[in-house]
Amino acid sequence: MFANQVVWRVGKAGGSGLWALLLAVSLASGARAAPIAPPDSSRPSPVFAKRRLVLQIDSRYSIINSHFSIINGLKLGLEWRGRVRTGAAFYFLSSRIPTRLAPPDNAADEPDATLRFYNVALYSEYVVLENPRWELDANLQTGMGAVRVEYNDDNVPGTRSRTPRDFIALVEPSVAAEMRLFAWASLGAGAGWRQPLFVDPVVRREISGPIFYLRAKILIAPLLRIRRNHEPLFSQKDLRIHGVDSRLRQRSYGN
């Protein structure tokens, strides 16, 4: 009966009313059937949208007074989308390097004076180029620390004494390349320059110089996710190189 009433009213309305009704029904049905468009997954996420905790062993090598030296360090910081990293670091000179700094008056005739220093630093890194396997980043560290001389004491034979600590400020720009071994670990190497500030010219000449470093990085968040989801620990998922566009970058670093 309802259908008969609709047909009668349509016929009564005439040709123009029929076309208007068909257009209205078509628009209504099209609106109901049209699926909701998904969000544009190709748009890159904001750089600071997601952060990760990063623990990094950062061993640096340098030439001090024509001697090869090792400066061991440890970094702890945050990483945003694999593009920006900031945090704090601690370094200390583990090698005994002969110094040109004058030992004090109580030093032995053969003082065997060596340089010792350590520093804490704030660092920032930005990834300039990357793909799922490799990346090239620029690094800047600024920090402060102390330097002193260790020597044989003439007053107490067989013992070594230390001079009072002198304050130093350091700036270290560098560039580094890094290879991701797994989703949670990577190895890298870099080079740069260490420049002391606000110190005596003799100390500046002792400490300044080129730096070379190797580092191993562990991403805590992906490691916990793999553990929680019972995924293979040494998987190469999302690390195969297919391009360098934002979609691949988001797929590699966004989980």
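**Exercise 1. Describe the hairpin of E2 and E3, and say which residue in the turn has a positive phi.**

Solution. E2 and E3 form a hairpin, and three residues lie between them. Arg81 sits in the turn and has a positive phi of about 55°. Keep in mind that this is a predicted model. Next, look at the pairing. E2 and strand E3 (residues 84-93) run antiparallel, and ten bridges join them.

**Exercise 2. Describe how strand E1 and strand E2 pair, then inspect their hairpin.**

Solution. Start with the ranges. Strand E1 covers residues 51-64 and strand E2 covers residues 67-80. Their sense is antiparallel, with twelve bridges. Now go to the end of the pairing: Ile64 stands opposite His67 in E2. The hairpin of E1 and E2 has two residues between the strands. Asn65 takes a positive phi near 55° in this hairpin.

**Exercise 3. Classify the ring pair of Tyr61 and Phe68, and state how exposed each residue is.**

Solution. First, recall what to look for. A pair of aromatic rings is described by the distance of the centres and the angle of the planes. There are six aromatic pairs in the count. In one of them, Tyr61 and Phe68, the centres are 5.6 Å apart and the planes make an angle of 15°. Planes under 30 degrees apart count as stacked, so the Tyr61 and Phe68 pair is stacked. Now check the accessibility. Tyr61 has 22% relative accessibility, so Tyr61 counts as partly exposed. Phe68 has 54%, so Phe68 counts as exposed.

**Exercise 4. Classify the pair of Trp184 and Phe234, and find which parts of the chain it ties together.**

Solution. The ring centres of Trp184 and Phe234 lie 6.2 Å apart, and their planes are at 50°. This pair is therefore tilted. Now locate the residues. Trp184 is in the loop between strand E8 (166-182) and strand E9 (185-197). Phe234 is in the loop between helix H3 (220-229) and helix H4 (246-253). The pair therefore ties together parts that are 50 residues apart in sequence. Last, compare the surroundings. Trp184 counts as buried because its relative accessibility is 14%. Phe234 is exposed, at 54%.

**Exercise 5. Find the other ring contacts: which residues form a cluster, and which charges lie over a ring face?**

Solution. Ring pairs link Phe90, Phe92 and Tyr118 into a cluster. For the charges, begin with Arg60. It lies over the face of Tyr213, at 4.3 Å from the ring centre. Lys75 lies over the face of Tyr123, at 4.4 Å from the ring centre.

**Exercise 6. Describe the largest cavity: its volume, its lining and the strands that supply it.**

Solution. Count first: there are two cavities of 30 Å³ or more. The largest cavity holds about 50 Å³ of space. Its lining consists of Arg60, Ile71, Tyr91, Phe117, Asn119, Gln141, Leu170, Glu172 and Arg194. Sort these by class: four are nonpolar, two polar and three charged. Then trace the strands. Strand E5 (114-130) and E8 each supply at least two residues of the lining.

Key. Residues numbered from 1 in each chain as written. Predicted model: local features only at pLDDT ≥ 70, side-chain atom pairs only at ≥ 80, totals over all residues. Heavy atoms only, no water. Phe/Tyr/Trp six-rings, centres within 6.5 Å; stacked < 30°, edge-to-face > 60°. Buried < 20%, exposed > 50% of the residue type's maximum accessible area, 1.4 Å probe, protein only. Helix = DSSP H or I, 4+ residues; strand = E, 2+ residues; numbered from the N terminus. Lys NZ or Arg CZ within 6 Å of the ring centre and 35° of its normal. 1 Å grid on protein atoms, 1.4 Å probe; cavity = no way out; pocket = protein on both sides within 12 Å on 5 of 7 lines; lining within 4 Å. Points joined across faces, edges and corners; volume = space filled by probe spheres on them. Nonpolar A, V, L, I, M, F, W, Y, C, P; charged D, E, K, R; others polar. Pairing = 2+ DSSP bridges.
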